[in-house]
Every structure is written in structure tokens, then in C-alpha cells.
Amino acid sequence: MSKFRLDEVDHQILDMLIDNTRVPFTDIAKKLLISAGTVHVRVKKMEDAGIITGSSLTLDYEKLGYSFIAYIGVFLHNTSQTKFVLERINDIPFVTVAHVTTGKFNIYCKIRAMDTKHAKEVIFMIDDIEGVYRTETMISLEESINDKKRLMHTIFKNM
């Protein structure tokens with residue numbers, strides 16, 4: 001399969017969509033001095049090529065009462081239990097990200113909680129999963145960088 005080629009207009013469309021996935025195509029078209037139909041066709045081509053896979057919503061977790069973030073490294077008794085443990089972790093709604101990793105941990109998770117008491121409950125839920133040997137937790141003091149655009153622009157420069 002050949003690599004999908006993006007031009008400068010595609011880059012600008014993606015740039016605006018990353019800022020706000022709900023921006024109307026007509027607004028993008030006006031800003032780029034192209035037709036809304038052109039924006040629609042280009043977005044559709046990027047979706048068909050798998051460049052765009054859905055859209056996302058950004059929540060203010062602090063306003064929702066879930067500003068506490070922790071990262072949990074999960075050690076397993078056996079790596080053969082990875083799939084089973086991941087299925088159980090997936091049942092815990094406060095685990096927002098989970099990675100199978102190399103190195104120190106078998107699985108590395110990000111959790112969102114209301115406070116330390118709630119985080120402790122979530123950590124204990126993970127600890128109680130059959131196959132989990134132990135966990136190691138790191139508390140996030142601040143999310144200092146969370147910027148998809150920098151990576152996107154670097155990828156565009158290398159295309």
C-alpha cells in the first residue's frame with residue numbers, strides 16, 4: 001500500500017480540526033478560501049485512507065471533579081496472563097489508558113480519580129486482579145505537555 005500524500009491544504013484542514021473537531025466545514029472553507037465541498041471531499045479522502053479515524057472530545061476533568069492523575073505500572077506473575085489482565089483492567093472505568101510494555105512493567109496504566117482516596121480504591125481494584133503480582137504508582141503533579149499539534153507539524157515537515 002502506498003503512502004498517502006497530504007498537501008498544504010490538507011495540513012491546514014487537519015490543523016483546524018485538531019484545534020476543534022466540531023468546526024463547521026464552511027468555516028474551514030472560508031478561512032482557506034476554498035469551497036465547503038472541497039473541505040468535505042478532502043476530509044472524506046483522509047478518512048478513507050485511515051489518516052483521520054473519528055474525532056474526539058476534550059473534557060475539563062478538573063471541572064468534573066476528576067483532576068487527580070496517576071500512572072500505575074503493573075507487574076504480572078506470567079506474561080501469558082496479559083490478555084486476561086487487560087480485559088479486567090478495561091472493566092475499570094477510571095483507567096483511561098493502558099499499554100503493554102517492555103522493561104520494568106508488563107502493563108502501564110493512566111488513571112483519573114477524584115482524589116487520593118479514590119485513586120487508592122482504583123489501585124486496589126487493579127491489585128486484586130488475578131495474575132497481578134504487584135503494582136507501582138506514580139502520582140502526576142501536573143500535566144505539563146499535552147500537545148498533538150507539535151507532533152503533527154513535525155510529521156508534515158518530514159513528508
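Close-up 1. Glutamate 121 is partly exposed, with a relative accessible area of 37%, where buried stands for under 20%, exposed for over 50% and partly exposed for what lies in between (1.4 Å probe, protein chains only). Its partner, lysine 117, is exposed at a relative accessible area of 57%, and the two form a salt bridge whose closest N and O atoms are 4.0 Å apart; the term requires a side-chain nitrogen of Lys or Arg within 4 Å of a carboxyl oxygen of Asp or Glu. Both residues belong to helix α6 (residues 116-127), four residues apart, or about one turn of the helix; helices (H or I, at least four residues) and strands (E, at least two) are DSSP runs numbered from the N terminus. The model shown here and in the other views is predicted, so local features need pLDDT of at least 70 and side-chain atom pairs count only at pLDDT 80 or more, while totals for chains, interfaces and linings use all residues. Residues are numbered from 1 along each chain as its sequence is written, and side-chain values use heavy atoms, with hydrogens and water left out.

**Close-up 2. The contact of helix α1 with helix α7.** The axes of α1 (residues 8-19) and α7 (residues 148-157) come within 11 Å and cross at roughly 170°, the axes being lines fitted to C-alpha atoms over the stretch in contact, with angles from 0 to 180 degrees between N-to-C directions. This crossing makes α1 roughly antiparallel to α7 (angles under 35 degrees count as roughly parallel, over 145 as roughly antiparallel, 65 to 115 as roughly perpendicular and the rest as oblique). From α1 the contact takes His11, Leu14, Asp15, Ile18 and Asp19, and from α7 Lys149, Met152, His153 and Phe156, contact meaning heavy atoms within 4.5 Å. These residues divide into four nonpolar, two polar and three charged, where Ala, Val, Leu, Ile, Met, Phe, Trp, Tyr, Cys and Pro count as nonpolar, Asp, Glu, Lys and Arg as charged, and the others, Gly among them, as polar.

Close-up 3. The side chains of lysine 149 and aspartate 19 meet in a salt bridge at 2.9 Å, N to O. Since lysine 149 lies in helix α7 and aspartate 19 in helix α1, the pair ties together parts that are 130 residues apart in sequence. Aspartate 19 is exposed, with a relative accessible area of 55%. The count of salt bridges comes to 13, including that of arginine 134 with glutamate 136, whose closest N and O atoms are 3.9 Å apart. Arginine 134 is partly exposed at 37%, as is glutamate 136 at 24%. Elsewhere, salt bridges that share partners join Asp7, Asp10 and Arg42 into one network.

**Close-up 4. The aromatic pair of tyrosine 71 and tyrosine 108.** A search of the whole structure finds four aromatic pairs, a pair being rings of Phe, Tyr and Trp (its six-membered ring) with centres within 6.5 Å, and planes under 30 degrees apart counting as stacked, over 60 as edge-to-face and the rest as tilted. The rings of tyrosine 71 and tyrosine 108 have centres 6.0 Å apart and planes at 10°, so this pair is stacked. Tyrosine 71 lies in strand β1 (residues 68-76) and tyrosine 108 in strand β3 (residues 107-113), 37 residues apart. Tyr71, Phe75, Phe105 and Tyr108 form one aromatic cluster.
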